[in-house]
Amino acid sequence: MTAETLFPLVPWVVLIPLAGILINLLAGRALGERGVGLVASLAALGSFAVSVLLAVGLAQQPEGQSLLLARWMSIGSLNVDWAFRVDTLSVTMMLVVSGVGTLIHIYSIGYMHDDTRHNGDPARFRRFFLYLNLFIAAMMVLVSADNYLMMFVGWEGVGLCSYLLIGFWFEKGEAGLGNARAAKKAFVVNRIGDLGFLIAMFTMFWAFGSLSFGEVLPRAAEAAPAVLLAITLFFLLAVTGKSAQLPLFTWLPDAMAGPTPVSALIHAATMVTAGVYLVARSLPIFAAAPAAQSAVLWVGALTALFAATIAVAQTDIKRVLAFSTISQLGFMVAAVGMGAVVAGMFHLITHAFFKALLFLGAGSVILGMERGHERHAQAHDGHHGGFDPQDMRFMGGLRSRMPVTFWVYLIGGLALAGVAPLSGFFSKDEILAAAEQVSPAVFVVLLIAALLTAFYVARQLALVFFGQGRSEAARAATESSPVITVPLGILAALAAVGGALNLPGSHLLGDWLHHTVEPLVEAGFNPLTAGIALVIALAGLGLGWLLYGRSPLTRAEEPDPLAVRLKGLFTWLRRKWYVDEIYNALFVTPYTRLSQMLAGPVDQGLIDGVVNGAGGMARLLGNLGRSLQNGYVRSYALIMLVGVALIFTFLLAR
Amino acid sequence: MNLSNNPLLWVTFLPLAGALLVALLPDARRSWIRWTAMAAALATFAASLWLLAGFDPSSGQMQMVIQVPWLRVAGISIDFALGVDGITLLMVLLTAFLVPLAMLSAWSGVRERVKGFMILFLLLETGLIGVFLALDLVLFYIFWEFTLVPMYFLIGLWGYSRRIYAALKFFIFTMFGSLLMLLAIIFMGLQAGTFNYTDLLAQRELFAGAQLWLFFAFALAFAIKVPMFPLHTWLPDAHVEAPTAGSVILAGIMLKMGAYGFLRYNLPLFPEATLRAAPWLAGLAVVGILYGAATAFAQKDAKRLVAYSSVSHLGFVMLGIFALTQQSVAGGVLQMVNHGLSTGALFLVVGMLYERRHTRDMAAYGGIWKVVPVLGALMLAVVLSSAALPGTNGFVGEFTILLGSFGAPALGTPWFAGLATVGVILAAVYLLHLYERLFLGPLTHEENRQMPDLNLREVLILVPILVMVFWIGLYPQPFLDLINPSVETLLQSVLPAAVAMH
Amino acid sequence: MPLSYYLILSAIMFLIGILGVLLRRNPLIMFMSLELMFNAANLAFVAFAAYHQALSGQLFVFFVMTVAAAEVAVGLALMVAIFRTRHTIDVDELSMLQG
């Protein structure tokens, strides 16, 4: 098989998941749960297989190829095609998306079987897999596009899937509307980012006359600096929306309302990394606008720190992971902002492994808690209201109840903390090494973020798995079934050895990506920074252990040890620095008020008032004339007489 | 010239023939009446496809022109002149496509005075198609005013509680605008000695001196019809009170008459005035986009919300038209079609909900996706198409409009398009709000628990629209191929002339 | 006799007619007053015809007389119809056409 025969397969990465949707839509009811799950997983697997074949083709012809599928729209000088890009960067993303995606599909068969029953609507099982396949298709469009507009299709397409999946249990959540609100928030905040993407594309079109990578990127440096700055800064806005960076990160924590596999796939491993991919893809443009580069760098670095501070104070097991994701995305964005594309992509891949692992592990914990809750409720024939299976304060001691989950979670956690020789250590170290070259200030910020990361990992491990169970549910929790633990095992293996992709000295990933993007910063392995990073990680873990592990909490009501030490600051951290409240006060409430004012007093009062006023004027004039019509023949005759007399007088006097 | 072979005549007068046929049927035979009317509407659609088949998409000129002297007034000939170009063709196709669907939606909604309803509906279709095809200004004016009459009765007789107020407001508001246009038409006819559009176009220098006034007179009529901010207040009232089928036609086609009028008359006849007015009208369009979106968000009545969303969406169309670039105008034309489909579908769904619960108040719903999954899924697709999600029709239209307006020389600044892009966010806000209030959340009203899901007829109404939604979204090129040459011809006639007149 | 005598008489008759129409409430009297105005006009016609030695003025008088006869017939029929429905023919009671 040669590259020429392999590359034309690329449309199938999108079409196979779409075929999966079609089959499940038409025959889903007949297939049953197992069948639906199987078809959907096979569709994801098929997409993965095609991605592997493309990678094989690229091994022979690493410069890749663009493939035209059809003309999309053509008006005057605007020509946009449905065209696919096969190169090392896009295929890397395809492999991550479909690979992790397939594992999560398999995991979801088990997870959603339980979840749909817990939530009381087993019929929604099929819908979940329809959405999941749609997500794979949209994400594949995003990463395989050959022009920005097609990328935007995927970009908003994954946003739609995110909306659908966050709102999957649309009748649940706070006041029954919590999930629906979270979904809407995610979509709208993402749309704010999409505004940036759109305007960047408009600017690009009027500057370069094209939206295709092949025509814009090689000529990136030709445009005026102001134009380049506009394009890149608007792209940055898009990145902050999709990759949940400052200031648009607020949707991601709420997005945890979606089922846990969704959090793993969309809100940790793949969709949220789209922003990183966008910057990596557009690197030539960013390289020509140094000011934008440092903006990206600082946005990433500050987000990494900011989100990490919030993560240390959360009690919801998934929210900790959500803020951790935001923080890790900050690392990646900072990396690609510096131009260290290889480091950024490397971290993207390892993060996909270990964060998907952590989320799925958390899902397993949640299911275990729910099973424990139900067993306990059955045994005592009582109904416990207000049980939250995600609250870490009610967990504890799960190490012995759920051993497999514990071990894989431990691997994921340590990889996240950056402990050698797990994957996170190598990728994070590359970013830190690059930061050390580019900007010492950023380096320090990222180091603090790394310290906090290790700290909240230790806190979470201690609260969930160590000590003793702090609720009946935790004490009665049981291990999950193999359909859940097997994907966890595979992901744990990947999270452990994923660092091998770009080991110091081999630079497999670096060489592979070099064919497509030329990094601006070559971050070699630096023993000093690696050592510092490792020490920091161990310090963070140790600190966390000191606070939470040494004398574990025994009751759920006990105050958090950190809260005791930080006092008021802890409340700020737990309430996420009140960012949501600030945004509500600054944007949501004023907009609601404004729209109510426009709809009421302005539209119905002023504008329609003028209209009805004009009608009223006509009525007023009519009333004047009406008083003449009194119905008495004599007065008509008199008026006539007077009229005749006047006319005669006029004629005579003339 | 053998007129019986000309599809233009058939497509214009088939509905009229259908109306006459329906008038002969006995009142009590409701199903005869319905099916005859439907047959006439479908025959019109077939005729419009025949028109499409005979159309040469490579040319941007008027085609299949019919021109027969009709009347002579004060020595000036008034012709019966019809013709079609790419823009017209799309509008005619849209009309012929939507009318049978709207009629189908009235199958169960209209139970009283079916005969009158169907006759008026078919008359309306003749009027609408005539407006798009007319190539003589007097003929155009006659069709333009003629459409008011059936719509007035559709709202006034089959509407809801405040129907008389709404019908009267609709009638007088739009009539007010068109009177000035009539004066302008007479003035031009007297100056040039003809009312024929093609001849007037060739002699537009004759009234170039007064073109700012003429532009204004035409613009007022069209802006009310579109409707542009701040002349829009008749729209929510008319929509809310109109029966579903009436709302579909009102939003889907009648509003397009205004935008079409701008394209067909204002731009080519008064090029210099167009260039001078472009930033002002584009500014009003942008205000309309944002204002419509913000007001829609505050509505409690689902139908009112959709009505205000029309103000916002038509703002995009107007921005596209007055940005005067190839992309923006072509996008504007496409968006006219898109709005007809998406907003038409929104009105249809709201109508279906109304038939089930007899209220348009959003608070009476909530969480009904569980009860009516098919309706919920189809509504979601419609909402997303209205919110311009990529892959649906709305995106292609809005994207090309905004892209074209962003660097438009006629506007001179990217701010118009930049602010209009904010409308894309606001659209997501109010549309998802609508969807959330109706379909998401917990089921709060017991009476909604028994709501029946869509029946086959209702699925048959929505599916063709959704097919078009995704077709235009994923592969709009066939439509753009129809639009492009005509838009090119149009702009070539506007821009150099305007520059030369300076 | 000079022409002016006839015209003065005609003017007086016309004025009486006008006052009759304006002041009386009985439609029969109003009709009679109308007849008086017609005849005032007729008198003027005839006087001018004699003065100018032209026949057309006398001709017009016949026209006016026929029209007046027809008008009285229609008017009286209306009166009868109104009296049947409203049981009065007082014109002040007949103000239903007021705006």
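In the predicted model, Met64(B) counts as partly exposed, with 19 C-beta neighbours inside 10 Å, since a residue is classed as buried when 20 or more such neighbours are present and as exposed when there are 12 or fewer. Met64(B) belongs to strand 1 of chain B, which comprises residues 63-73. Although Met64(B) is not a glycine, its phi is positive, at about 50°. A positive phi is likewise found in chain A at Trp577(A), which is not a glycine and has a value of about 55°. Trp577(A) is located in the loop between helix 25 (568-574) and helix 26 of chain A. Most residues other than glycine have a negative phi, and most peptide bonds are trans.

Pro247(A) is situated in the loop between helix 8 (225-242) and helix 9 of chain A. In chain B, the bond from Phe229(B) to Pro230(B) is cis, with omega near 0°. Pro230(B) is placed in the loop that separates helix 9 (211-225) from helix 10 (234-241) of chain B.

The overall architecture of chain A was then considered. Its secondary structure consists of 27 helices and two strands. The C-alpha trace of chain A extends over about 120 × 70 × 55 Å along its principal axes. Chain A has 654 residues, of which 58% count as buried. Among the contacts in chain A with a separation of 6 or more, 82% involve residues 24 or more positions apart.

Within chain A, helix 10 (residues 260-269) is largely enclosed by the rest of the structure, because ten of its ten residues are buried. These buried residues are Thr260(A), Pro261(A), Val262(A), Ser263(A), Ala264(A), Leu265(A), Ile266(A), His267(A), Ala268(A) and Ala269(A). The cover over helix 10 of chain A includes helix 3 (88-118), helix 4 (124-144) and helix 5, together with helix 9 (251-254), helix 14 (317-338) and helix 15 (341-380) of chain A.

A further feature of chain A is the packing of helix 18 (residues 423-438) against helix 23 (residues 527-549). Two packed helices are described by the angle between their axes and the distance between the axes. For helix 18 and helix 23 of chain A, the angle is about 120° and the axes lie 9 Å apart. The crossing of helix 18 and helix 23 of chain A is right-handed. Helix 18 of chain A contributes Phe425(A), Lys428(A), Asp429(A), Leu432(A), Ala433(A) and Glu436(A) to this contact, while helix 23 of chain A contributes Thr529(A), Ala530(A), Ala533(A) and Leu534(A). Classified by side chain, the contact between helix 18 and helix 23 of chain A contains six nonpolar, one polar and three charged residues. An α-helix has 3.6 residues a turn, so residues three or four places apart point the same way.

The contact between the chains involves 38 residues from chain A and 43 residues from chain B. On the side of chain A that touches chain B, two or more residues are provided by each of strand 1 (65-75), helix 5 (148-166), helix 6 (178-208) and helix 26 (579-626) of chain A. Helix 6 of chain A provides the largest share of this side, twelve residues. The residues of chain A on this side comprise 24 nonpolar, seven polar and seven charged.

In chain B, the domain assignment gives domain 1 (1-225) and domain 2 (270-494). The centres of domain 1 and domain 2 of chain B, taken over C-alpha atoms, are separated by 24 Å. Between them, 22 residues of domain 1 of chain B are in contact with 25 residues of domain 2 of chain B. On the side of domain 1 of chain B that touches domain 2 of chain B, helix 3 (86-109) and helix 9 of chain B each supply at least two residues. Helix 3 of chain B gives the most to this side of domain 1, with twelve residues. By class, the residues on this side of domain 1 of chain B are twelve nonpolar, nine polar and one charged.

Notes: Residues are numbered from 1 along each chain as its sequence is written. Chains are lettered from A and ligands numbered from 1 in the order in which they are written. This is a predicted model: local features need pLDDT of at least 70, side-chain atom pairs count only at pLDDT 80 or more; totals for chains, interfaces and linings use all residues. Two residues are in contact if their C-beta atoms, placed from the backbone, lie within 7 Å. Helices (H or I, at least four residues) and strands (E, at least two) are DSSP runs, numbered from the N terminus. Ala, Val, Leu, Ile, Met, Phe, Trp, Tyr, Cys and Pro count as nonpolar, Asp, Glu, Lys and Arg as charged, and the others, Gly among them, as polar. Axes are lines fitted to C-alpha atoms, for helices over the stretch in contact, and angles run from 0 to 180 degrees between N-to-C directions. A crossing is left-handed if the near helix is turned anticlockwise from the far one by less than a right angle, and right-handed if clockwise. Domain bounds come from an automatic or database domain assignment.
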